[in-house]
Amino acid sequence: MTELVGRNLANYTILDAVGQGGMATVYRARDGRDGSIVAIKVLSPYVAADPKFRGRFDREVNLLRRLAHPNVVPILAFGQAEGFHYIVMPYFAGGTLHDRLRSGPLLPLEGARIVEQISSALNSAHQQGIIHRDVKPSNI
């Protein structure tokens with residue numbers, strides 16, 4: 001979905017694509033209100049046309065809005081514009097755990113710190129009755 005690069009979606013100017021999954025593409029974008037750089041996850045139009053998958057996306061938004069934990073990326077905004085469903089989150093330039101692992105194995109202390117943060121976030125979600133179901137390095 002690189003056709004969004006350079007376009008505006010609601011208050012956001014899409015700068016470039018930073019990741020793609022089965023249901024959505026994540027872009028780096030500039031918030032037109034304050035100039036901050038954010039990540040905007042845009043549901044694929046093919047997926048959005050299917051009520052089942054659109055419902056899954058809406059459930060993800062509602063679940064993430066309930067989670068407040070230092071190791072869970074918060075939702076800044078969400079909505080629909082020009083036929084696209086989207087979620088806005090803070091942008092982290094460091095990349096994912098998958099990106100980090102490409103440069104080599106983790107040192108034991110680094111791995112332990114990451115596992116502790118993941119465990120804490122998952123524990124918080126589980127205490128609220130939320131099960132992630134897609135824990136993998138590219139989602140961390």
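Trainee: Buried is under 20% relative accessible area, exposed over 50% and partly exposed in between, using a 1.4 Å probe and protein chains only. Which residues of α2 are buried, then?

Mentor: Gly55, Phe57, Val61 and Leu64. Bear in mind that this is a predicted model, where local features need pLDDT of at least 70 and side-chain atom pairs 80 or more, while totals for chains, interfaces and linings use all residues. Residues are numbered from 1 along each chain as its sequence is written, and side-chain values use heavy atoms, with hydrogens and water left out.

Trainee: How far does α2 reach?

Mentor: Its 16 residues span 23 Å from the first C-alpha to the last, close to the 22 Å expected (1.5 Å times one less than the number of residues).

Trainee: And what happens at the start of α2?

Mentor: A side-chain oxygen of Asp50 comes to within 2.8 Å of the backbone nitrogen of Lys52.

Trainee: Switching topic: how many aromatic pairs are there?

Mentor: One. Rings of Phe, Tyr and Trp (its six-membered ring) pair if their centres lie within 6.5 Å; planes under 30 degrees apart are stacked, over 60 edge-to-face, the rest tilted. Tyr12 and Tyr86 have ring centres 6.3 Å apart and planes at 65 degrees, so their pair is edge-to-face.

Trainee: Where do those two sit?

Mentor: In distant parts of the chain, 74 residues apart: Tyr12 is in strand β2 (residues 12-20) and Tyr86 in strand β6.

Trainee: Tyr12 and Tyr86, buried or exposed?

Mentor: Tyr12 counts as buried at 3% relative accessibility, and Tyr86 is buried too, at 8%.

Trainee: Which residues touch the most others in the largest nonpolar core?

Mentor: Leu43, Phe57, Leu67 and Ile87, out of 15 members. Such a core is a set of buried Ala, Val, Leu, Ile, Met, Phe, Trp, Tyr and Cys residues joined through side-chain atoms within 4.5 Å. The largest share of this core, three residues, comes from α2. A second, separate core of 13 residues includes Leu4, Leu9, Ile40 and Val88.

Trainee: Last one: where's Arg133, and is that residue buried or exposed?

Mentor: Arg133 lies in the segment after α4 and counts as exposed at 74% relative accessibility.

Notes:
Helices (H or I, at least four residues) and strands (E, at least two) are DSSP runs, numbered from the N terminus. A polar contact is a pair of N or O atoms within 3.5 Å; within protein, one must be able to donate a hydrogen and the other to accept it, and residues adjacent in sequence count only if both atoms are side-chain atoms.
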